[in-house]
Amino acid sequence: MSALLSASNLTRRFPGNRGLLDMLARKPRPVVHALSDVSIDVSAGETLGIVGESGCGKSTLARCLVRLIEPDEGNISFDGADVGSLEGPARRKFNRAVQMVFQDPYASLNPRMTVGSTLAEALRVHEIVPAAEINARVASLLDLVQLPATAATRYPHEFSGGQRQRIGIARALAVEPRVIIADEPVSALDVSVQAQIVNLFMELQERLGLALVFITHDLRLVRHMTHRVAVMYLGRVVEIGPVEDIFTAPRHPYTRALISAVPQLTPGLLRGEPAVRGELPSPLSPPSGCAFHPRCPIALPQCAAERPALDARGGTWPVACLRADEA
Amino acid sequence: MMASRDDSTGLTVRELRVVFDTSRGPIFAVDGVALDVAPGEVMGLVGESGSGKSVSLRAVARLLHANARVTGSVRWRGQELLSLSDDQMLPIRGAQIGIIFQEPMAALNPVLPIGLQIEESLIAHTTMDKAQRQARALQLLDQVGIASGATRLAQFPHEFSGGMRQRAMIAIALAASPALLLADEPTTALDVTIQDQILRLLLRLKDELGMALLLVTHDLGVVAETCTRVAVMYAGRVCETGPTADVFANPHHAYTAALLRAMPGSGPAQAKLIPIPGMAPRLDAPSPGCAFAPRCTVSEPLCTTTRPPFVQEATRSSACYGRARL
Ligand SMILES: Nc1ncnc2c1ncn2[C@@H]1O[C@H](COP(=O)(O)OP(=O)(O)OP(=O)(O)O)[C@@H](O)[C@H]1O
Ligand SMILES: Nc1ncnc2c1ncn2[C@@H]1O[C@H](COP(=O)(O)OP(=O)(O)OP(=O)(O)O)[C@@H](O)[C@H]1O
Ligand SMILES: [Mg+2]
Ligand SMILES: [Mg+2]
């Protein structure tokens, strides 16, 4: 499979804020290292899962992929063309072909527009259907995400959190994209509605060869619906490979910790030991060497000194750990 | 283990109804909800998307829009909250009752640094001086797992990641050490390791301060691991309540049984998940019988005509005619 959308060596920093005292002391402005040297790709008909701790840069990566923000370094190509150099009609074509479902539906919907007008606008801008068919298409989009046709006349605040999330999905689907970057698209849904939406994504993938980048913290779902998964830690990919292989034999100690922390259905209070312990990482001052070393149960002195590169290390998929595969 | 049902210490909700008046007619969002949460208890609230969980929580905190008609009874420490004036409610909300909202961006002030938003709550509900407030704000960020606290306190909500915003809101809700925490999907944006840390924090506050916790979540694993009891909602009503272990092992309502079957991980990878067939219920025209009947695999004619009564047993209660056939 050749990649439909691929990103290579993306890096993105954000300036942080200083308190007044730091300003007076002329301390340098802190920098958030949100994304460092990240490369991923996704092919038609494929789902790439992205997992990792809160704040590790998943949404920043997503925003770079749809060009909502520009990376400081690195580039993105779509269908073989460099996305950064697209202009005019080619750029519009990209904007339609690569859609994003936002993590925060509340902030991404226009509160003054009915849901019907929001969807109709997307259909009109990209000339998806003739004007006369717009209403019917809006109704069928709502139906796809399990909302009644009457939802079209209502405003975003009149919905529940999970209903708003589905409106965001309907808007992304409206323009018949080839790639969807979905940032926690089902996090507010009960398991049954979640199952319907996940099945919908999988059906669209089968029928239309949709490529899907699926950001989620729900590891059960990752295992269920993605083909490959990238595990991120503090702005970097630390392991990337076939999902079943990674769940069966995780190579990075962080991946192992993540997988062991999945809540089980067997009732009982939280298990004895927290999954990951030790000093909290901060993208404002990433640890030296391997960023995971302060919390790693098997770290060596070397791990604090040198950052392990992401490569095969004698296995079949890349991992960034000097002690890969050691428990 | 059943917590004591002392009306004068915890939260007791009875016959709670919320109707939204809209230009297209009334929406019956919450339709007769009963709930109890005792001090030191964690009560889980689960149910279908749109079933009225958030609206119920907002009704308890008296935070609904003007187009909402709220009836029934919400007693907190023996006091009827629904009959209080807005002014009388102010010192209770935030100080005694903390709220974590489902959507952080809707709850946070976009033009105020996170640190000041935490401090606002401390100014309103405690007697701390500025130095104490700043120390407390730093401590709270640390407790919710946000590193480089001093820099983070000076940042605005849009400079936080989704999960960091959610945790900032948790910090604000916990700032004044409330005795009752209404937590609406507090860990949806969090990965498992940070979720674990937040749940541990909430359980510790429950144990150490006797905080009562009403936890809305769609994550049945979280319910299993943290909630002593659980209530399941469908179409504005509670279908069943009981000790979590019992409800999950042996559901007494057809909707609960169907919900448990839809969990991912029960079938093989890449297989289709098994959602509950049929359409979500209409809230503009509630059914005279059980709202779940049209989608139910064990329904009988009675289910569509007559609302099943709540049957109370030792530690559980449920409203399902089909229970014996589950
Ligand atoms: N302001 C409003 N006006 C009209 N209807 C509303 C309003 N707010 C909520 N609703 C409706 O009330 C019902 C209950 O909403 P609520 O937010 O309580 O659901 P929920 O159980 O929290 O769902 P979710 O799991 O998706 O967050 C929904 O069907 C919603 O569409
Ligand atoms: N506009 C911004 N300005 C400053 N910092 C930002 C901005 N956007 C993101 N960041 C920082 O970049 C880092 C990565 O954020 P990002 O939203 O990508 O994380 P995430 O992996 O999506 O986390 P979550 O799972 O919590 O949503 C965080 O430290 C965040 O504070
Ligand atoms: Mg994010
Ligand atoms: Mg809700």
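This is a predicted model: local features need pLDDT of at least 70, side-chain atom pairs count only at pLDDT 80 or more; totals for chains, interfaces and linings use all residues.

Reader: How many residues does the contact take from chain B and from chain A?

Author: Chain B gives 68 residues and chain A gives 75 residues.

Reader: What makes Glu158(A) and Arg24(B) a salt bridge?

Author: Their closest N and O atoms are 3.1 Å apart. The cut-off is 4 Å between a side-chain nitrogen of Lys or Arg and a carboxyl oxygen of Asp or Glu, so the pair qualifies. Across the interface of chain B and chain A, the rule finds two salt bridges.

Reader: And how many residue pairs are in polar contact between the chains?

Author: The count is 14, with both residues at pLDDT 80 or more. On the side of chain B that touches chain A, the elements giving two or more residues include α3 (104–107), α7 (162–174) and α8 (192–209) of chain B. Of the elements there, α8(B) gives the most, with nine residues. By class, that side of chain B has 31 nonpolar, 23 polar and 14 charged residues.

Reader: How do you know which protein atoms are donors of the magnesium ion (ligand 3)?

Author: Ser59(A) (OG) and Gln103(A) (OE1) lie 2.0 to 2.2 Å from the magnesium ion. The limit for this metal is 2.8 Å, so both count as donors.

Reader: Why say that the pair ties parts of chain A together?

Author: Because Ser59(A) lies in helix α2 (residues 58–65) and Gln103(A) in the loop between β6 (98–101) and α4 (105–108), parts that are 44 residues apart in sequence.

Key. Residues are numbered from 1 along each chain as its sequence is written. Chains are lettered from A and ligands numbered from 1 in the order in which they are written. Side-chain values use heavy atoms; hydrogens and water are left out. Contact means heavy atoms within 4.5 Å. A polar contact is a pair of N or O atoms within 3.5 Å; within protein, one must be able to donate a hydrogen and the other to accept it, and residues adjacent in sequence count only if both atoms are side-chain atoms. Helices (H or I, at least four residues) and strands (E, at least two) are DSSP runs, numbered from the N terminus. Ala, Val, Leu, Ile, Met, Phe, Trp, Tyr, Cys and Pro count as nonpolar, Asp, Glu, Lys and Arg as charged, and the others, Gly among them, as polar. Donors are N, O and S atoms within 2.8 Å of the metal (3.2 Å for Na, K and Ca); water is not among the atoms, so sites may look incomplete.
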